[in-house]
Amino acid sequence: MASTSQPLRGKRACKKIFWAVFPHACFILSLVIYAFLGALMFSHIEGNRKVNLSEEYRKFLQKLWHISRNLSENEETFKEEIHVLLNTAERDWFVNPKDRWTFFGSLFFCCTVFTTVGYGNTYPVTRIGKYLCMLYALFGIPLMFLVLTDMGDILATVLSKCYNEFRKLQSKILASKLCSGSTCNKGDELKSRAQTKVVINEPLTIMEVLKSQPGVKRRQTKYRNAEIFEMLIARENEHRKPAINKSIERWSSCPELDRGKTMSRVIENFDKIGQQLEKLDVPIVLMVLVIFVYISCAAAILPNWETRLDFQEAFYFCFITLTTIGFGDTQLEHPKFFLFFSLYIIIGMEIVFIAFKLGQDRLIGLYKKVISFCGKKKMPSKKVYPK
């Protein structure tokens with residue numbers, strides 16, 4: 001029996017872990033599939049569009065030809081004219097759509113859409129692409145926020161546990177410094193003696209239970225088996241702790257009940273999304289420090305493939321990205337490498353989202369204190385009239 005029960009317990013434990021992880025994996029997988037489908041759609045629509053030379057492009061070429069024919073000896077004047085002319089040029093005139101709207105380029109564009117970063121260096125040009133971009137963002141942004149909220153619960157749980165463990169360790173260190181060695185040793189000895197007394201005590205036998213009853217001491221009569229069992233059950237119920245709910249064995253014989261119980265647990269997991277994030281209460285200074293270290297690590301790695309960026313530019317670029325500002329002033333030469341960094345972007349947006357949530361809670365608390373303080377000052381003082 002023991003050999004057969006162990007594999008059953010292992011299977012049940014695996015099932016519990018699977019159904020506990022299922023909601024989180026479902027959200028992330030949905031976002032990944034949504035991004036891949038968007039990449040296929042935009043690469044097909046925007047990459048296969050026909051480039052029509054507009055009238056502005058012809059005027060640009062005419063001005064460039066005129067400046068090249070009338071080169072002046074003054075270099076400053078030539079630089080100014082070329083600079084003004086190049087500012088009027090559009091990037092699409094010199095870039096093949098198939099080179100820009102590859103699968104990885106389209107995937108990078110989709111990530112900038114549903115993360116609301118929007119650098120502005122890649123955008124749809126065709127009318128169908130613009131309409132599909134609005135529709136894509138309409139469903140993609142709520143899905144991204146759902147993933148952020150779900151992953152935020154996990155990060156909030158990890159941060160709260162780490163912070164609580166740190167506070168416990170700090171309190172233990174302070175307590176060990178404050179208390180003297182003799183008193184602490186005495187207290188530890190008393191606790192250890194009390195614990196040994198509790199551990200040494202063995203459970204009472206049936207005869208000891210019967211002798212402890214007042215009815216047995218008064219009269220030496222033989223009890224029937226039913227009365228003995230009733231007394232044992234009554235004594236066990238008095239001293240027994242509430243038992244932990246264990247898995248019922250009948251689930252193995254009736255899998256339909258097991259499925260119903262599992263489905264109800266999965267539904268409860270979906271309903272609990274966002275609760276851990278609301279309970280999180282850590283210092284805002286700690287979150288700022290975590291964000292600084294997190295961005296600094298990426299800023300040290302990013303210049304390895306983006307050679308034009310140094311540490312400061314990479315730090316600025318990561319901050320603009322994680323806060324979803326996305327000016328677009330810093331452009332990447334190899335966006336597909338940064339696309340593989342997408343897990344970093346999602347986790348970083350989670351951390352920034354948690355920091356903004358904590359800052360929002362602190363601001364609300366500050367407003368409440370200011371309003372209550374101003375209300376107390378403006379309240380008229382009660383006048384006491386003589387009787």
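Helix α5 is mostly covered, since ten of its twelve residues are buried, where buried means under 20% relative accessible area, exposed over 50% and partly exposed in between (1.4 Å probe, protein chains only). The structure is a predicted model, in which local features need pLDDT of at least 70 and side-chain atom pairs count only at pLDDT 80 or more, while totals for chains, interfaces and linings use all residues. Residues are numbered from 1 along each chain as its sequence is written, and side-chain values use heavy atoms, with hydrogens and water left out.

The buried residues of α5 include G105, L107, F108, F109 and F114. After α5 comes T116, whose phi is positive, near 60 degrees.

Helix α6 (residues 127–178) has 52 residues and reaches 73 Å from its first C-alpha to its last, close to the 76 Å expected. At its start, a side-chain oxygen of T126 comes to within 3.1 Å of the backbone nitrogen of G129, and a kink of about 25 degrees is centred on A137, the bend being the angle between axes fitted to the seven residues ending at a residue and the seven starting there.

In the protein there are 17 helices and zero strands, taken as DSSP runs (H or I, at least four residues, for helices; E, at least two, for strands) and numbered from the N terminus. Buried residues make up 27% of the 387 residues.

Notes
The expected span of a helix is 1.5 Å times one less than its number of residues. A polar contact is a pair of N or O atoms within 3.5 Å; within protein, one must be able to donate a hydrogen and the other to accept it, and residues adjacent in sequence count only if both atoms are side-chain atoms.
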